[in-house]
Amino acid sequence: MSLQSVRKSTTLNSLIRMKQQGEKFACLTAYDACFARLLDEAGVEVILVGDSLGMVLQGHDSTLPVTMADMIYHMQCVKRGNQNAFLIADMPFMSYSSEAQTLDNAAALMRAGAQMVKLEGGAWISSTTRLLAERGIPVCAHMGLTPQSINRIGGYIVQGRDPRQAENMINEALLLQDAGANILLLECVPRSLAKTLTDTLNIPVIGIGAGPDTTGQVMVLHDLLGISPITPKFVKNFLRDSSSIPDALKAYVSAVKDQSFPASEHSFV
Ligand code: KIV
């Protein structure tokens with residue numbers, strides 16, 4: 001019997017259970033059916049169809065040009081390749097600005113195969129989170145470095161180093177959990193803040209550049225394969241020491257689970 005046929009599908013409940021049992025889970029981005037299948041076969045529990053596709057596939061210098069049509073197309077491709085992983089889709093820039101637009105766009109992503117939508121923001125997305133949660137659409141809230149706000153933030157800078165900013169982030173994360181967010185994704189925050197948030201919240205926390213203490217880890221697929229033009233501190237090229245792409249994906253899953261990735265050299269203080 002193949003591994004594929006005995007593996008159970010990952011659900012939101014199984015991710016919550018993993019948090020309760022202190023188990024780590026692996027998440028990676030994918031944008032097409034071929035890689036979705038490879039990730040799924042490697043045991044990646046969560047696949048994110050991220051708006052990072054604007055940078056790694058389309059060659060833009062930010063995620064801002066990504067459209068709903070792009071997200072729906074790539075979500076449909078990933079859905080076709082996946083069997084067991086839990087699928088999250090990014091709501092792209094300005095696609096959740098009004099209630100009606102949010103509901104139409106989230107519904108379109110769910111129809112395309114997403115099992116959860118991801119929104120970037122803090123307290124200001126709490127009413128949107130509640131709107132979606134009340135209608136049965138699971139929400140991942142993305143805090144810390146939020147690339148859709150890059151022009152306001154002023155660059156790809158670690159967030160939450162200032163104690164007042166860190167305290168605000170904790171309060172806003174609690175607000176989002178109360179509003180119905182089911183997962184928090186934290187990007188580029190100090191390890192200690194990510195640990196506090198993971199310990200404080202009941203929901204699973206997925207980190208990228210957030211240290212080893214979060215419930216899950218996520219990386220952009222092209223960064224893991226070492227084919228992105230830039231290599232941020234929190235990235236590790238898993239293909240360098242592997243003989244094939246499937247082996248590199250399996251090495252990433254193992255390293256997340258045994259907590260050898262991220263190491264201190266991939267984390268911020
Ligand atoms: O769009 C994306 O791929 C993301 C990850 C960087 C977390 O949001």
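Author: On a 1 Å grid over the protein atoms alone, a pocket is an open set of points where a 1.4 Å probe fits, with protein on both sides within 12 Å along at least five of seven lines, and its lining residues have an atom within 4 Å of a point. Grid points are joined across faces, edges and corners, and a volume is the space filled by probe spheres set on the points. The model is predicted, with local features needing pLDDT of at least 70 and side-chain atom pairs pLDDT 80 or more, while totals for chains, interfaces and linings use all residues. Residues are numbered from 1 along each chain as its sequence is written, and side-chain values use heavy atoms, leaving out hydrogens and water.

Reader: What volume does the largest pocket have?

Author: About 630 Å³. Its lining has 32 residues, of which Ser52, Met55, Glu187, Val220 and Asp223 are the closest to the centre. Helices (H or I, at least four residues) and strands (E, at least two) are DSSP runs, numbered from the N terminus. Those giving two or more residues to this lining are helix 4 (53-56), strand 4 (116-120) and strand 6 (183-187).

Reader: How do the residues of that lining divide by class?

Author: Ala, Val, Leu, Ile, Met, Phe, Trp, Tyr, Cys and Pro count as nonpolar, Asp, Glu, Lys and Arg as charged, and the others, Gly among them, as polar. Here there are 18 nonpolar, 7 polar and 7 charged residues.

Reader: Which element gives the most to the lining of the second largest pocket?

Author: Helix 9 does, with 4 residues. This pocket has a volume of about 300 Å³. Among its 15 lining residues, Gly122, Gly144, Thr146, Arg152 and Glu172 are the closest to its centre. By class, the lining holds 4 nonpolar, 8 polar and 3 charged residues.

Reader: Which residues of helix 7 are buried?

Author: Buried means under 20% relative accessible area (1.4 Å probe, protein chains only). In helix 7 (residues 126-134), these are Ser126, Thr128, Thr129, Leu131 and Leu132. Their cover includes helix 6 (99-111), strand 4, strand 5 and helix 9, where contact means heavy atoms within 4.5 Å.

Reader: Which residues come nearest to the ligand?

Author: A residue is near a molecule if one of its heavy atoms lies within 4 Å of it. Of the 13 residues around the ligand, Thr29, Asp51, Ser52, Asp90 and Lys118 come nearest.

How values were computed:
Buried means under 20% relative accessible area, exposed over 50%, partly exposed in between (1.4 Å probe, protein chains only).
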